[in-house]
Amino acid sequence: MSRLNRLTTERSATIILFLLVFAMASRISVDTDLWWHLRSGQTIAETGQLIYPDPFSHTFTGVVHWNHSALADLLLYAVWRHFGFAGITVASAIVAVAGMSFLFVTCRGSAYPRAFLIVLGAATAAVFWSPRPQMLSFLFASVLLWILRDLKYKRRDHLLWIVPLQMIWCNAHGGFIIGYLLIGVFVLGEVLNSKFGTSDSPLPFQHIRKLLLLSVASIPLLVINPLGIRAYGVPFDTIFMPELNRYIQEWQSPDFSQTRAWGFVLLLALVLATMCWSTRKLDFTEWLLVCGSAAMGLLAARNLALFAIVAAPVASDHLDDILQGRGWVIPFRDYEPPVRAVVNLCLVILVSIALAAHLRHLLSAATISAGLKSALPVDAVEQLDSLELQGNMFNSYNWGGYLMFHAPQYPVFIDGRSDLYRSFLDEYYRIATARGGWQQALDHWRIGFAVIETNSGLAQALASDQDWRTAYQDPLASIFLRRIPLTNG
């Protein structure tokens, strides 16, 4: 039997699945936070300092930004430096596919229902797939869930990997707390399963004890981190920052009027329906994980990816039980007749060619340029050096990171580092919406020019203010200059 005969329909469907997931994850990112992460990584690489007084803004100059994603920022900048924006796009897609691969292995049943769940999970999680440190949190959460479920359902012990996983996670992103949440819920669920005699696969006590011991042992090692002991407080400091819920969209509840939230709705409905319909015993671990992650997703849209990681494998358990009970399962074949194997190979090749054509178009200079110009002030920034600029800059919050990276000679008013600015966001939005003494605030911060959205409230106010003039304008961005320069003092 040749190797080609082993390319069964099931295996070729799996290959095609991940080619399509890669295509879904490959897109021109207009996530504005990417740029301040790149600027941070560049500064770390050039200075060798992981933590430093802020040199990027004129409002918080010298204030230390306790960056919890230094490792991820360095990795992003390294990719950018060697491969440019195209490399950033491909690297982000690779991380997404890696996370979904662990999810696919974690799911149970035949390849076809698992593929369906992976597509639905990807549709849910892809809303927040972008080249940012949070992508590593997505990957690490997928790896951790695979470790936990492999122990629970297959009795395969990979628990020693938890210690280095949590250490790397803590240095890459403040979302490392997700790992401890998953472990805590998992342990609680297994304890309840043992106490009440539920679950088809209760975890023996010795495994629960080892899981707890290794998890606790990893906690003191988190101080091997540029933040030191401050690393412990990063997740809580972020969660309890009221400005995030007020101003930052991804920290607000999902908007279900938008189609991008429908994947979450469908996956939630499916996992609850299958859990209620199947004949499997009540499993506290499954219910706690699903309900807990669903609640987190409803509270903050950025948690939808975590829900996808948790819900898809649980849905696979119950969906497989339902299909098995009705005999609706396609038997697995380890090899195919030569003709069918050739057909499968042709399908894989065709999809691969289509993906290559998609990437060639997507990663072309023209496509990247058009994508960036659709959401970022690319043309406006190119005009800055040709203008006679005086005083400090006021800029859109969403564009601060882009200006930090592409116009570093002009310190920003604000950028996406909300953990640095905190309550200063109130000051920014007062000016950006032209409310309550915004002119005096511009005077206070000695603002001589503004780079803002053309359709913003502030742009309309400055356009009608005799002290300001429009120096540049396109449908997306405008640059306003003071007519009368600020006096000293």
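**Close-up views of a predicted model**

At 1% relative accessibility, Phe 394 counts as buried, a word that here stands for under 20% relative accessible area, whereas exposed stands for over 50% and partly exposed for anything in between (1.4 Å probe, protein chains only). This is a predicted model, in which local features need pLDDT of at least 70 and side-chain atom pairs count only at pLDDT 80 or more, while totals for chains, interfaces and linings use all residues. Residues are numbered from 1 along each chain as its sequence is written, and side-chain values use heavy atoms, with hydrogens and water left out.

**View 1. The aromatic pair of Phe 394 and Phe 413.** The two rings are tilted, at 4.8 Å centre to centre and with 50° between the planes; rings of Phe, Tyr and Trp (its six-membered ring) pair if their centres lie within 6.5 Å, and planes under 30 degrees apart count as stacked, over 60 as edge-to-face and the rest as tilted. Phe 394 lies in strand 1 (residues 392-395) and Phe 413 in the loop between helix 17 (400-406) and helix 18 (418-421), so the pair ties together parts that are 19 residues apart in sequence. Helices (H or I, at least four residues) and strands (E, at least two) are DSSP runs, numbered from the N terminus. Phe 413 is buried, with a relative accessible area of 0%. Both residues belong to one aromatic cluster, which also includes Phe 60, Tyr 247 and Trp 445.

**View 2. The aromatic pair of Phe 196 and Phe 284.** This pair is also tilted, at 5.8 Å centre to centre and with 40° between the planes. It links distant parts of the chain, since Phe 196 is in helix 7 (residues 177-196) and Phe 284 is in helix 12 (residues 284-299), 88 residues apart. Phe 284 is partly exposed, with a relative accessible area of 22%.

View 3. Val 271 counts as buried, at 0% relative accessibility. Leaving aside neighbours within four places in sequence, Val 271 is in contact (heavy atoms within 4.5 Å) with Val 290, Phe 307, Ala 311, Val 314 and Ala 315.
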